[in-house]
Amino acid sequence: MRYLLPFCSLFILISCVSKTAPDFSAVEITPVFTDSLSIRAIVPVDENSVWFAANAGKVGLIDGHTPKLATIKYQDSLLHFRAIAKTKNAVFVLSIANPAVLYKIGVSGKEATNIEEVYVEVGDNVFYDSMKFFNDKDGIAMGDPTDGCLSIITTNDGGNTWTKIACDKLPEVTKGEAAFAASNSNISIVNNHVWIATGGKKARVFHSGDKGATWEVFNTPILQGNTMTGIYSIAFFNEQTGVIFGGDWDAKAFNEGNKAITHDGGKTWSLISNGTGPGYRSSVKFVPNTKGQGLVAVGSPGISYSNDQGKSWKQLSTEGFYAVEFVNDTLAFASGNNKISKLVFKE
């Protein structure tokens, strides 16, 4: 005997199956820290605390509304930080420009216990952009080219020592191809895979499936060719599906050729919502627990949301931010010019 679901039950079942991302229509923005800083690198600890790295040598933990701050100097110079990463027992901050200095800050709970230099690089073209860890032992940071290839350093001992990958192990870059230290999101990691995004004269995606041992590089349809065009942010949901976002910093409203998606691990990319939705954005993230459907993109023009993998977008706020990092599926921290805020997304 065949059993038929009542129509209303069937409708509810279909609705539940198809709706994988919430229909956010608003975002509540609560400032948690203000200072005269450019804050482009954050890493949350929990719903109430977030580490940050900024210019003017400032590094700190915002615990609730309580800032625990440090000013870091290298010799007599204040360093400018745009990359940060966290493991179980340490926070790492990496400075831009020459010299590039990477610090390991020992952490016990929410207290810093010690700080030490673990990598220093000197050179006219040195400029590091982003840093991530695969796990508590293996990490990677990337920067602009110095000798015809991207600058990529790795660690496999929890960040105590770092080694720069030789150019003969990396794909060549095109003259004028580099990266943007806009939001600490030039790197995305899933399991042993890492993807690195570039911009400028070329907008490409570099990929390694073995934590940086071997590399390949793929072209993208993202706007490129000028100094401030290209990919500003990359995010992968799993080993196959990822999104790149960027555009033209000099024409922020232009929304063609600035966002694309891959379903084959980065080998091929297709433009999404081309000519619609947001223009330039500096940071994009998949919303947790939305099966790769929910996306939030932030930039100086505001906060945008998609619940259908980038096919359509809503602008939730015109308040500008540089970077966004999620804590759970409705709460994130965002950083920008002079501020860090807590974002709560609402239907």
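Reply: The charged end of Arg 40 sits over the ring of Tyr 322, 3.7 Å from the ring centre. A charge counts as over a ring if NZ of Lys or CZ of Arg is within 6 Å of the ring centre and within 35 degrees of the ring normal. Lys 339 also qualifies: it lies over the face of Phe 321, at 4.4 Å from the ring centre.

This model is predicted, so local features need pLDDT of at least 70 and side-chain atom pairs count only at pLDDT 80 or more, while totals for chains, interfaces and linings use all residues. Residues are numbered from 1 along each chain as its sequence is written, and side-chain values use heavy atoms, with hydrogens and water left out.

Now to rings that meet rings. A pair of aromatic rings is described by the distance of the centres and the angle of the planes. Rings of Phe, Tyr and Trp (its six-membered ring) pair if their centres lie within 6.5 Å; planes under 30 degrees apart are stacked, over 60 edge-to-face, and the rest tilted. The structure holds 14 aromatic pairs.

Take Phe 24 and Tyr 305. Their pair is tilted, with 4.8 Å centre to centre and 50° between the planes. Phe 24 lies in the loop between helix 1 (7-18) and strand 1 (26-46), and Tyr 305 lies in strand 27 (residues 302-306), so the pair ties together parts that are 281 residues apart in sequence. Helices (H or I, at least four residues) and strands (E, at least two) are DSSP runs, numbered from the N terminus. Both Phe 24 and Tyr 305 are buried. Buried means under 20% relative accessible area, exposed means over 50%, and partly exposed is in between (1.4 Å probe, protein chains only).

Trp 195 and Phe 236 make another pair. Their ring centres are 3.6 Å apart and their planes are at 5°, so this pair is stacked. Trp 195 belongs to strand 17 (residues 193-197) and Phe 236 to strand 21 (residues 229-236), so the pair ties together parts 41 residues apart in sequence. Trp 195 counts as buried because its relative accessibility is 0%. Phe 236 has a relative accessible area of 8%, so Phe 236 is buried too.

Back to Phe 24 and Tyr 305. Together with Phe 326 and Phe 345, they form one aromatic cluster.
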